[in-house]
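Hello,

Here is the structure I promised to pass on to you. Please open it beside this message, and then read on.

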Amino acid sequence: MNNDSQGLARPSGPKELYIAFTTLALQGFGGVLAVAQRVLCEQKRWLTKEQFIEILAIAQVLPGPNVCNVALMVGDRFFGWRGAFASLAGMMSIPLVIVLSVTTLYAHYAMYPAVAGALRGMGAVAAGLIIGTALKLAPAMRANPLGLYVSFVFAALSFVGVAILRWPLVWVLLALGLLACTLAWHRLRARFLPERQPEP
Amino acid sequence: MTVSVDWLGLFGHFLLLSLLAVGGAITVVPDMHRVLVTQMGLLTDTQFNASIAIAQASPGPNVLFVAVMGYQAAGLAGAAVTLIGIMLPAAEALCRGSDPDERQRREPSGRDHGHRRGCSRVGGCSKAGTGSSKAPVSPTDDAALLPRTPRE
């Protein structure tokens with residue numbers, strides 16, 4: 001499977017995958033993907049950087065949380081479903097225990113203004129991170145057949161539907177997504193058609 | 001928490017959101033708020049905010065905010081329901097991905113083929129759309145069209 005790229009190591013078994021993913025998950029505060037790349041590509045040398053980027057690209061397109069998809073795909077690559085399960089369990093189990101313990105603590109101390117304030121601040125940071133991600137994705141819209149402005153109109157409409165009118169996300173996505181796809185298809189068709197007209 | 005929980009509804013909703021969460025679970029947070037806080041009344045606004053903040057500040061993947069929401073809403077069972085709901089479609093996709101054919105198609109070398117096939121399909125669509133299918137369009141035609149596409 002991985003004889004295509006020389007110099008790569010291989011985990012000895014699902015257990016090593018579990019330990020590796022646990023340690024990398026515990027190093028990741030506020031996101032583990034950057035840590036995952038460092039551990040998997042540089043420390044363990046299980047994957048080349050290109051392979052990791054490819055896995056990440058697929059993980060973003062597949063349904064479900066990206067980190068879960070990455071863990072599943074990396075594990076599956078080496079040991080099939082057993083590896084996939086070991087990686088996912090490694091990624092989630094210990095951090096889950098930690099995060100639920102913190103939640104229990106929070107429930108005890110939520111009445112203290114300092115705790116409430118700290119968490120409100122963290123919430124603001126999280127909101128900022130999401131907006132930052134959206135802005136980072138925006139330049140890609142220039143290459144989209146819809147163009148930058150139409151894409152922004154769709155983005156604005158989604159925002160109004162979800163955040164202000166509080167409509168269910170499914171319907172907003174289905175309606176606007178279908179509309180955008182149809183529009184893009186028409187644009188693409190118009191782009192290809194004139195090339196063909198002079199032929200007869 | 002004494003609120004009675006619609007377990008199936010909760011599970012189904014997170015299952016659905018998982019399918020919509022292209023680009024990360026954080027993208028579907030508004031809809032979680034709509035259901036957990038507004039519709040089901042399982043969490044307060046403060047608890048909802050705290051869920052995301054706690055998961056961000058703790059080690060581990062940020063998706064775990066989903067488990068924190070479930071935990072605050074309905075204890076350990078709630079955490080299990082929301083977390084499994086959000087992860088199940090990914091596991092399902094993995095089963096499809098384990099298919100060697102599928103994996104072959106994903107290899108970088110195969111991507112070029114896929115791209116070209118996509119283009120010829122666009123050509124095919126436009127041909128069907130006009131109904132003037134006099135000139136036979138061969139795949140090479142489409143390949144020749146490819147460099148000219150940036151023309152707007």
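Below is what was found in it, one part at a time.

First, how to read it: this is a predicted model, in which local features need pLDDT of at least 70 and side-chain atom pairs count only at pLDDT 80 or more, while totals for chains, interfaces and linings use all residues. Residues are numbered from 1 along each chain as its sequence is written, chains are lettered from A and ligands numbered from 1 in the order in which they are written, and side-chain values use heavy atoms, with hydrogens and water left out.

Let's begin with the inside. The largest nonpolar core has 79 residues; such a core is a set of buried Ala, Val, Leu, Ile, Met, Phe, Trp, Tyr and Cys residues joined through side-chain atoms within 4.5 Å. Buried means under 20% relative accessible area, exposed means over 50%, and partly exposed is in between (1.4 Å probe, protein chains only). The residues with the most contacts inside this core are A:Leu24, A:Leu47, A:Met91, B:Met32, B:Phe48 and B:Phe65. Helix 4 of chain A (residues 66-109) gives the core its largest share, 17 residues. Helices here are DSSP runs (H or I, at least four residues), numbered from the N terminus, and strands are E runs of at least two. In soluble globular proteins, nonpolar side chains tend to be buried together.

Leaving aside residues up to four places away in sequence, A:Leu24 touches A:Val32, A:Val35, A:Ala36, A:Val39, A:Leu40 and A:Met91, where contact means heavy atoms within 4.5 Å. Several of these names return in helix 2 of chain A, whose buried residues include A:Val35, A:Ala36, A:Val39 and A:Leu40. The buried residues of that helix pack against helix 1 (14-27), helix 3 and helix 4 of chain A.

What happens just after helix 2 of chain A? There, A:Arg45 takes a positive phi of about 55 degrees. A:Arg45 is found in the loop between helix 2 (33-43) and helix 3 (49-61) of chain A, and is partly exposed at a relative accessible area of 43%. A:Arg166, in the loop between helix 6 and helix 7 of chain A, also has a positive phi, about 60 degrees, although it is not a glycine.

One joins A:Glu16 and A:Lys44, with the closest N and O atoms 4.0 Å apart. A:Glu16 lies in helix 1 and A:Lys44 in the loop between helix 2 and helix 3 of chain A, so the pair ties together parts that are 28 residues apart in sequence. Another links the side chains of B:Arg34 and B:Asp31 at 2.9 Å, N to O. Both B:Arg34 and B:Asp31 are buried, and they sit 3 residues apart in helix 2 (residues 29-39) of chain B, about one helical turn.

Finally, in chain B, helix 3 (residues 45-57) has 13 residues and reaches 18 Å from its first C-alpha to its last, close to the 18 Å expected at 1.5 Å a residue; the expected span is 1.5 Å times one less than the number of residues. Among its buried residues are B:Phe48, B:Ile52 and B:Ile54.

Enjoy exploring!
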